[in-house]
There are 2 protein chains.
Amino acid sequence: MADQKPPVSFIGLGAMGFGMATHLIKQGYTVTGFDVWAPTLKRFEAAGGLTATTPAEAVANKSFSVVMVATAQQAQAVLIDGPNAAVPQLPQGAVVLLCSTVPCDYVQALESQLKSIGRGDILLVDSPVSGGAARAADGTLSIMAGASEEALEKARPLLAELSDPAKLYLVAGGIGAGSNMKMVHQVLAANQILAASEAMGFADRLGLDLAKAQETILSSDAWNWMFEHRTPRIFTDFQPVASAVQIIVKDTGIITSEGRRRGFATPMTSTAEQIYFTALGRGYAMDDDSSLVRLYTEGKDKVGPVHGTSQSEEEKLALVVGLLKGINLCSAAESLAFAHAVRLDLHQVLDLCINAAGGSKVLQKIGPSIIQQLQGQSPDGETGLQEIAQELQAAVEEAQRIKTPLYLGAQAFNIAKRLPGGGPAGVVVKAWA
Amino acid sequence: MADQKPPVSFIGLGAMGFGMATHLIKQGYTVTGFDVWAPTLKRFEAAGGLTATTPAEAVANKSFSVVMVATAQQAQAVLIDGPNAAVPQLPQGAVVLLCSTVPCDYVQALESQLKSIGRGDILLVDSPVSGGAARAADGTLSIMAGASEEALEKARPLLAELSDPAKLYLVAGGIGAGSNMKMVHQVLAANQILAASEAMGFADRLGLDLAKAQETILSSDAWNWMFEHRTPRIFTDFQPVASAVQIIVKDTGIITSEGRRRGFATPMTSTAEQIYFTALGRGYAMDDDSSLVRLYTEGKDKVGPVHGTSQSEEEKLALVVGLLKGINLCSAAESLAFAHAVRLDLHQVLDLCINAAGGSKVLQKIGPSIIQQLQGQSPDGETGLQEIAQELQAAVEEAQRIKTPLYLGAQAFNIAKRLPGGGPAGVVVKAWA
């Protein structure tokens with residue numbers, strides 16, 4: 001197969017799927033694409049793809065299929081339940097990469113279902129991805145894949161085509177483990193997407209120049225991947241729509257549902273989720289998620305005469321940086337604590353997340369200390385937590401003076417504050433233990 | 001004095017102050033009122049009061065003065081800092097009841113300030129009130145008064161005129177203790193005002209008839225005073241404006257600021273505060289606080305085709321009741337834990353709160369068990385916490401399906417869930433310990 005590239009079917013040609021599928025074409029694969037939206041198929045043909053009008057037609061005689069639809073419901077429809085579903089047409093022993101972000105539960109149920117309908121021969125791979133549309137099109141995604149050894153063995157060359165060699169993670173634990181890995185990564189995404197808006201909204205309410213605030217954050221310890229990739233669109237009227245609000249709402253729901261099912265509390269992600277629902281209620285579902293900054297900026301002229309105590313630009317910038325660092329810390333702790341609860345390899349999770357869309361400087365610096373705490377060791381270092389709590393406190397106090405909401409910042413502060421003072425920053429994860 | 005009623009000055013004739021001052025007139029007092037808003041003075045004259053054009057003029061030769069302005073800043077202005085301030089004109093040994101809701105800090109600083117400007121003779125009483133405008137006008141308020149023994153002794157008859165005999169609380173601890181008592185009471189108010197809107201908004205999003213939902217809640221274990229007194233105005237386009245959003249914002253700020261100062265985390269009240277800031281940002285500051293329901297209902301037609309799993313009206317009503325009970329429980333726990341942290345007499349706090357605007361059936365039933373837990377005893381009873389957590393979970397899950405935010409409900413659920421399963425409901429307060 002390394003020499004001779006097999007024909008591949010590709011179901012779901014959205015922002016991510018289209019990039020992945022056309023990348024395969026560029027690498028010399030014959031790719032037959034299917035999508036419910038006809039204009040996409042035209043575009044796919046123009047990019048050198050073959051097209052099919054049903055999932056069944058797409059997968060017929062293909063030993064390799066990739067499913068990159070938006071939800072578990074859609075996956076179930078195109079594979080089994082819908083009209084002209086794919087599974088009956090899949091050849092014996094076909095490899096199916098399910099790359100959508102779905103609950104661990106779902107992909108495990110799908111595996112059982114395939115067995116119960118007599119298609120246990122299908123080599124299902126639970127392989128969600130991360131990295132955004134640009135990396136999808138470059139074939140440099142982060143991919144986290146769980147499956148049987150046989151399935152992983154056969155799927156590996158195709159997974160390798162789609163991913164950066166350093167970012168293909170084979171996750172121990174079989175079907176479900178890949179989705180769990182993605183889920184804990186999405187804890188970072190769910191919080192840091194909103195945090196980008198919260199930081200920029202706070203900067204705006206403080207009267208800062210937003211370009212300057214953005215630049216300062218990008219070169220500070222508050223850097224995170226989402227902030228870097230979301231905030232540019234704040235300056236272009238939230239155009240183009242790169243990732244709609246409704247996408248992260250779906251992933252957030254997977255996290256909080258699975259948390260409830262397992263008895264694992266997700267105070268940060270639950271807070272973000274309520275604000276995402278608020279955004280849906282405002283009619284923002286289809287807007288780029290950078291536009292969530294509107295939830296923070298709109299009060300500017302409506303809260304009456306308010307006065308903060310921060311004076312200089314430097315002081316104000318420090319408040320915004322402190323806010324974002326504190327949120328990044330609590331996001332990192334919630335993500336790693338959840339990974340621990342679902343028994344993932346924490347070092348693999350950390351390595352994945354640092355190099356994917358969930359990455360942040362805080363995660364990189366403090367993640368190892370969080371893992372030590374989770375594993376019952378004393379985290380290295382003497383200090384850190386109190387400093388971060390103090391910076392959060394300064395931000396929350398100033399926000400209170402100027403009457404601007406800090407949904408995540410207030411939550412992070414209350415979490416950090418509940419812990420007895422001092423100690424390395426990784427100790428914060430005790431709040432989830 | 002019981003026989004011969006002394007002349008009284010009254011500074012601040014807003015919704016509460018006007019009622020209190022005119023009640024004193026009806027009881028035979030000569031009351032000289034001052035307010036910055038001229039039309040109020042006309043109305044006060046019509047009600048039989050005398051009026052003054054400055055605080056200094058109002059208090060001249062009055063051995064008893066009541067200050068019922070909105071904020072600590074206003075109190076400081078009318079007493080000391082503003083033009084024609086009252087203090088220089090107060091006769092030697094005058095009794096001053098500061099009935100405004102102010103931070104403990106402030107009233108303690110005021111006491112020191114009086115001493116430092118040579119007016120240590122003034123008998124200051126820290127005596128915030130609760131009960132709403134109707135009880136103010138009836139002279140049946142709840143009052144929590146802290147002061148020196150001499151001041152309390154002299155102030156008592158006047159305090160008794162303004163309060164229900166069973167609801168006058170003399171709080172041990174001197175100046176500041178009354179304000180602390182009010183602050184912990186306001187934890188209940190801050191959460192339960194928003195909770196009224198959250199419960200009714202959730203009912204609306206579930207498709208319930210709101211009058212039926214209201215009636216069901218009022219006769220259920222989810223009853224609380226705020227719900228009973230706020231929700232009627234949901235049916236009258238939020239008219240009349242009985243208590244504006246900006247009022248509870250101020251009290252909420254006292255709670256969270258004092259919490260930060262003392263290192264006491266207030267996860268419930270902090271959540272409410274962010275939503276209050278959201279409301280200010282929407283331009284709702286001057287609207288009746290029952291109108292916060294808009295923050296929940298507006299998404300009705302904007303969240304796309306969503307489907308809950310609850311079918312019958314009964315099932316849906318149970319979700320709303322469960323939500324509100326869970327919020328009431330966590331409000332009660334946050335209030336009593338904070339009272340414990342500021343060293344108030346917990347049984348006095350409980351008695352006060354049950355009989356004031358912070359009252360709820362949950363507080364009445366579970367408050368004693370929360371106090372046992374706080375005092376290191378094992379709370380009575382075997383069960384309760386898990387049931388409440390399960391009811392919260394059912395509400396949060398359905399809200400997620402229909403994409404409606406439950407700001408307080410999600411927070412309460414995450415708090416209740418973090419605790420190891422089982423045990424009496426009072427155990428929930430461990431989350432604040």
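**Reading a two-chain predicted model**

Me: Four bridges link β4(A) with strand β5 (residues 95–98) of chain A. How many bridges make two strands a pair?

Reply: DSSP must find at least two bridges between them. β4(A) and β5(A) have four, and they run parallel. V67(A) sits opposite L98(A) of β5(A). Before going on, note that this is a predicted model: local features need pLDDT of at least 70, side-chain atom pairs count only at pLDDT 80 or more, and totals for chains, interfaces and linings use all residues. Residues are numbered from 1 along each chain as its sequence is written, chains are lettered from A and ligands numbered from 1 in the order in which they are written, and side-chain values use heavy atoms, leaving out hydrogens and water.

Me: Which other strand is joined to β4(A), and by how many bridges?

Reply: Strand β1 (residues 8–11) of chain A, by four bridges, again in parallel. Here V8(A) faces F64(A) of β4(A). Helices and strands are DSSP runs, numbered from the N terminus (H or I, at least four residues, for a helix; E, at least two, for a strand).

Me: Are the faces of β4(A) covered or open?

Reply: Check burial residue by residue. Buried means under 20% relative accessible area, exposed over 50%, partly exposed in between (1.4 Å probe, protein chains only). In β4(A), residues 64–67, both faces are covered. F64(A) and V66(A) are buried on one side, S65(A) and V67(A) on the other.

Me: What is the handedness of the unit that runs from β4(A) to β5(A)?

Reply: View it with the strands pointing away from you: a clockwise path from the first strand over the helix to the second is right-handed. β4(A), helix α4 (residues 72–81) of chain A and β5(A) form a right-handed β-α-β unit.

Me: Which UniProt domain covers residues 8–164 of chain A?

Reply: UniProt lists "domain: 6-phosphogluconate dehydrogenase NADP-binding" there, in an unreviewed entry. Such annotations may be inferred rather than shown by experiment. That span is 45% helix and 20% strand, with end C-alpha atoms 20 Å apart. The same record's "domain: 3-hydroxyisobutyrate dehydrogenase-like NAD-binding" covers residues 176–296 and 320–418 of chain A. Residues 176–296 are 66% helix and 0% strand. Residues 320–418 are 75% helix and 0% strand.

Me: What does G259(A) contact?

Reply: Contact means heavy atoms within 4.5 Å. Beyond neighbours within four places in sequence, G259(A) touches F264(A), F338(A) and K417(B). G259(A) lies in helix α11 (residues 245–262) of chain A. It is buried, at 0% relative accessible area.

Me: Which side chain has a polar contact with that of S310(A)?

Reply: That of E398(A), at 2.7 Å. A polar contact pairs N or O atoms within 3.5 Å; within protein, one must be able to donate a hydrogen and the other to accept it, and residues adjacent in sequence count only if both atoms are side-chain atoms. S310(A) sits in the loop between α13 (294–297) and α14 (313–341) of chain A. S310(A) is buried, at 10%.
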